[in-house]
Amino acid sequence: MMAFGLIALIAGAASALMFASIISGALISLVLFYLAPLPLMVASIGWGPLCASLGGIAAALGLGALFGLPYCIAFALTVALPAWWLGHLVLLSRPVGAAAPEPAAEPPTEPALEWYPVGRILLWIAGFATLTTIAALLTIGTDAETITGTLRRGLMRLLRAADPQSSGETDQFVGALVRILPAGATIVAMMTLTLNLWLSTKVTATSGRLRRPWPDLMTAELPPMTLVALCVALAFCFTGGLLAIAAQIATAALMMGYALTGFAVLHTLTLALKSRTFWLGSTYAVVVVFGWPVIAMVILGLADAVFGLRERFLRTRQPPPLPTS
């Protein structure tokens, strides 16, 4: 029990230090800030969600005592809560099928387990990214005019500090940047949470503490009702005000969810290619370098959700049935 508590405190302290490093203003602190959930996620997956919850509570209280209540709340909502809950979902399972009765001479076999679907975990990640981004914007203001005005003034100060001779084109650029900034922040939150969860699962699997088989990521798909939620969010994007900003944030998160499933579709559809590694590597490189080609992955994920591309492809790869005599 003492070792369990020590691991929780170490994980919480590491996450808190990485989270608080953003105060220094150094460039490396930005990387540490985005990787802050990683230690708590490793603790949650390797030693159980209780370990992550104890470490997260201790870290949040420590940050609150040192830097004030806002840091405590921000850490709890954006780091500790997602790390605890996502680690819990990774280990969530249920028995499937009725176990056949074993003879008395043979030892009982463990029932087959169905693990929580990867697609639903992606949906939870999208939800956390949406909530944290909205919460961050609400700290700026409680209405759309205040939020956009504060963002505009902050960006103008940054640009004028870099280039004092700013022109009217700068105002247009800042205006466009303010409109896409909430969605951009959501995409960053979505991708960093996904990266942290993947890294933490890899670390626990390498250390031998992963208590579940590695999931087949090529089968990841979002629940069918996600497409309906995306359509509703898109419709509210055109309403205006704070509701439109929240809808844009939710739309960006769900779009990135479909982009990730689009990569899963790409991995499936390239199974028959001899140069599969080259094409997959080139695709990832282009998306990472340029960014905007991720739209193709969103389209691929949406097409799979509507037309079932993976299911049709795998059906064509199955051998034909043997003739019956």
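This is a predicted model: local features need pLDDT of at least 70, side-chain atom pairs count only at pLDDT 80 or more; totals for chains, interfaces and linings use all residues.
Helix H4 covers residues 49-67 and helix H5 covers residues 69-90. They pack with an angle of about 170 degrees, and their axes are 8 Å apart. An angle of about 170 degrees is over the cut-off, so H4 and H5 are roughly antiparallel to each other.

Which residues make that contact? On the H4 side they are Pro49, Ala52, Ser53, Gly56, Ala59, Ala60, Leu61, Leu63, Gly64 and Phe67. On the H5 side they are Leu69, Tyr71, Cys72, Phe75, Ala76, Ala80, Trp84 and His88. Sorted by class, the contact has 14 nonpolar residues, four polar ones and no charged ones.

Let me stay on H4 for a moment and take leucine 63, which sits in that helix. Is leucine 63 buried or exposed? Leucine 63 has a relative accessible area of 3%, so it is buried. Setting aside residues up to four places away in sequence, leucine 63 touches Ala16, Phe19, Ala20, Gly68, Tyr71 and Phe75. Tyr71 and Phe75 are also among the H5 residues that meet H4. For a sense of distance, leucine 177 is 114 residues from leucine 63 along the chain, and their C-alpha atoms are separated by 32 Å.

Now the cysteines. How many disulfides does the structure hold? It holds zero. Cysteine 51 is in no disulfide, and the nearest cysteine sulfur, that of cysteine 72, is 19 Å away. Cysteine 72 is likewise in no disulfide, with the sulfur of cysteine 51 as its nearest, at 19 Å. As for accessibility, cysteine 51 is at 0% and counts as buried. Cysteine 72 is buried too, with a relative accessible area of 15%.

H9 spans residues 225-236, and phenylalanine 236 lies in it. H10 spans residues 241-269 and holds threonine 251. Phenylalanine 236 and threonine 251 are 15 residues apart in sequence and 9.6 Å apart in space, C-alpha to C-alpha.

What is the burial class of each? Threonine 251, at 8% relative accessibility, counts as buried, whereas phenylalanine 236, at 38%, counts as partly exposed. Leaving out neighbours up to four places away in sequence, threonine 251 touches Leu230, Ala233, Leu234 and Cys237. With neighbours within four places left out, phenylalanine 236 is in contact with Leu243, Ala244 and Ala247.

One more helix, H11, residues 276-290. Its 15 residues reach 21 Å from the first C-alpha to the last, close to the 21 Å expected at 1.5 Å a residue. Glycine 291 follows H11, and its phi is positive, near 85 degrees.

I will finish with the whole protein. It has 13 helices and two strands. Its C-alpha atoms fill a box of roughly 85 × 55 × 35 Å along the principal axes. Of its 325 residues, 38% are buried. Among contacts with a separation of 6 or more, 71% come from residues 24 or more positions apart.

Key:
Residues are numbered from 1 along each chain as its sequence is written. Side-chain values use heavy atoms; hydrogens and water are left out. Helices (H or I, at least four residues) and strands (E, at least two) are DSSP runs, numbered from the N terminus. The expected span of a helix is 1.5 Å times one less than its number of residues. A disulfide is a pair of cysteine sulfur atoms within 2.5 Å. Buried means under 20% relative accessible area, exposed over 50%, partly exposed in between (1.4 Å probe, protein chains only). Axes are lines fitted to C-alpha atoms, for helices over the stretch in contact, and angles run from 0 to 180 degrees between N-to-C directions. Angles under 35 degrees count as roughly parallel, over 145 as roughly antiparallel, 65 to 115 as roughly perpendicular and the rest as oblique. Contact means heavy atoms within 4.5 Å. Ala, Val, Leu, Ile, Met, Phe, Trp, Tyr, Cys and Pro count as nonpolar, Asp, Glu, Lys and Arg as charged, and the others, Gly among them, as polar.
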